[in-house]
Amino acid sequence: MKKIEAIIKPFKMDDVREALAEVGIAGMTVSEVKGFGRQKGHTELYRGAEYQVDFLPKIKIELVLDDDRVEQAVEAIQSSAKTGKIGDGKIFVYSVEQAVRIRTGEQNEDAI
């Protein structure tokens with residue numbers, strides 16, 4: 001099993017969800033997060049005062065999948081989240097040692 005963690009621009013969330021649904025992936029966890037990479041934030045004007053916005057709003061998507069579905073999911077996320085501009089995000093893939101469904105006690109692949 002693998003865990004996919006993707007950090008994307010907020011306005012791409014619906015596109016990513018649709019792309020994942022097209023390849024048969026419906027379950028995911030989504031969090032609103034803030035951060036920056038090479039983008040390094042930007043300057044905004046508020047009530048006449050200029051200030052630095054260091055952390056930009058992002059969406060973090062987390063999925064746990066069987067190994068054989070990971071590449072398909074990564075491709076779906078990458079193609080649907082890409083704008084071609086700086087700040088498009090990152091995708092990370094981790095190994096998952098164990099998964100347990102709390103309600104039934106099912107484990108590993110049966111739990112996902």
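Buried means under 20% relative accessible area, exposed over 50% and partly exposed in between, with a 1.4 Å probe and protein chains only. The model is predicted: local features need pLDDT of at least 70, side-chain atom pairs count only at pLDDT 80 or more, and totals for chains, interfaces and linings use all residues. Residues are numbered from 1 along each chain as its sequence is written, and side-chain values use heavy atoms, with hydrogens and water left out.

**View 1. Glu109 lies in the segment after strand E6 (89-95).** Helices (H or I, at least four residues) and strands (E, at least two) are DSSP runs, numbered from the N terminus. Glu109 counts as partly exposed because its relative accessibility is 46%. Setting aside residues up to four places away in sequence, Glu109 touches Met1 and Asp66; contact means heavy atoms within 4.5 Å.

**View 2. Strand E5 (56-65) pairs with E1 and with E2 (residues 29-35).** Two strands pair if DSSP finds at least two bridges between them. E1 and E5 run antiparallel, joined by seven bridges. Ile4 stands opposite Leu63 in E5. E2 and E5 are also antiparallel, with seven bridges. Here Val30 has Ile61 as its bridge partner. Seven of the ten residues in E5 are buried.

**View 3. The largest nonpolar core has 18 residues.** Such a core is a set of buried Ala, Val, Leu, Ile, Met, Phe, Trp, Tyr and Cys residues joined through side-chain atoms within 4.5 Å. Ile4, Ile8, Leu20, Ile61 and Leu63 touch the most other members. Helix H2 gives the most to this core, six residues. Beyond four places in sequence, the contacts of Ile4 include Val70, Ala73, Val74 and Ile77.
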